[in-house]
Amino acid sequence: MPPLHAVSPAAAAAPPRALSSAARVPQRPVLRHATIEEIEAEKTVIEDQARERMEKAIETVQNNFNTVRTGRANPAMLDRIEVEYYGTPVNLKSIAQINTPDATSLLIQPYDKSSLKLIEKTIVAANLGVTPSNDGEVIRVTVPPLTSDRRKELAKTVAKLAEEGKVAIRNIRRDAIKAYDKLEKEKKLSEDNVKDLSADLQKVTDEYMKKIEAIQKQKEQMDTIAFPKDKWLV
């Protein structure tokens, strides 16, 4: 039997040795809060993208409203008309010059006179409430006044267009919120950060909602309106 070795009082009182790295208890990672500069950088990127998309949504609403004719003849009322030209659908304005000789008529002059009948047929099929007249050289379109009932009906269509624009704005806001939520999951933003940024984004959303309401009101205040709903192709 080997001899027993006595343990000195100093050794007994010594602190225990540190565990090896393999035996150490794993430590939780220290979460680092984003700096103000980092938060502002993320906000700028996401908010700028949202604003850019909202501007395009406003532009779309405005273009749709431009196709609504008022008491004055406006070439924009033909913006959505497409003609089957040599087997290819093309916008009317790309194959003809459109002028307004007076307040109640349009003058359409095709670059290719062989397309006169085709353009005339397309305008008739568009159901704009106008009757084109083809004299072999140009097409004249007289814009008649609308009845009160027809005006009210088309006013509802304008309101529907405005609502579609608002839906587009809300969807853009939703996408931006999702981007903030993703950054929160990645621990790049805190919950409070996301709440603050979402509140700022709502202000931007409200701003663009008011823009749509403003151009809708402007359109509704015009004397008469008529709206071609879709693109027409013959």
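## Overall fold and confidence

The protein chain of this predicted model has five helices and seven strands, and from the N terminus on its elements run α-α-β-β-β-β-α-β-β-α-α-β. Of the 234 residues of the chain, 34% count as buried. Among the contacts in the chain with a separation of 6 or more, 65% are accounted for by residues 24 or more positions apart.

The mean pLDDT of the protein chain is 82, with 79% of its residues reaching 70 or more. Over residues 223–234, however, the pLDDT is below 50, although this stretch has 52 contacts in the model beyond near neighbours in sequence. Where pLDDT is low, predicted coordinates should not be read in detail.

## Packing of helices H2 and H5

Two packed helices are described by the angle between their axes and by the distance between those axes. Helix H2, which covers residues 36–66, packs with helix H5, residues 191–220, at an angle of about 15°, and their axes are 11 Å apart. Angles under 35 degrees count as roughly parallel, and H2 and H5 are therefore roughly parallel to each other. The crossing of H2 and H5 is right-handed, and by class their contact has twelve nonpolar, four polar and eight charged residues.

## Isoleucine 215

Isoleucine 215 has its place in helix H5, where it is buried, because its relative accessible area is 14% and the cut-off for burial is under 20%. Leaving aside neighbours within four places in sequence, isoleucine 215 is in contact with Val61, Gln62 and Phe65. With phenylalanine 65 the separation is 150 residues in sequence, whereas the C-alpha to C-alpha distance in space is 8.4 Å.

## Two loop residues with positive phi

Most residues other than glycine have a negative phi. Tyrosine 86, by contrast, has a positive phi near 55°; this residue is placed in the loop between strand S1 (81–85) and strand S2 (88–91). Tyrosine 86 counts as exposed because its relative accessibility is 66%, and exposed means over 50%.

Lysine 187 is not a glycine either, and its phi is positive at about 65°. Lysine 187 is found in the loop between helix H4 (148–185) and H5, and at 59% relative accessibility this lysine also counts as exposed.

Technical notes: Residues are numbered from 1 along each chain as its sequence is written. This is a predicted model: local features need pLDDT of at least 70, side-chain atom pairs count only at pLDDT 80 or more; totals for chains, interfaces and linings use all residues. Side-chain values use heavy atoms; hydrogens and water are left out. Axes are lines fitted to C-alpha atoms, for helices over the stretch in contact, and angles run from 0 to 180 degrees between N-to-C directions. Helices (H or I, at least four residues) and strands (E, at least two) are DSSP runs, numbered from the N terminus. Angles under 35 degrees count as roughly parallel, over 145 as roughly antiparallel, 65 to 115 as roughly perpendicular and the rest as oblique. A crossing is left-handed if the near helix is turned anticlockwise from the far one by less than a right angle, and right-handed if clockwise. Ala, Val, Leu, Ile, Met, Phe, Trp, Tyr, Cys and Pro count as nonpolar, Asp, Glu, Lys and Arg as charged, and the others, Gly among them, as polar. Buried means under 20% relative accessible area, exposed over 50%, partly exposed in between (1.4 Å probe, protein chains only). Contact means heavy atoms within 4.5 Å. pLDDT is the predictor's confidence in each residue, from 0 to 100.
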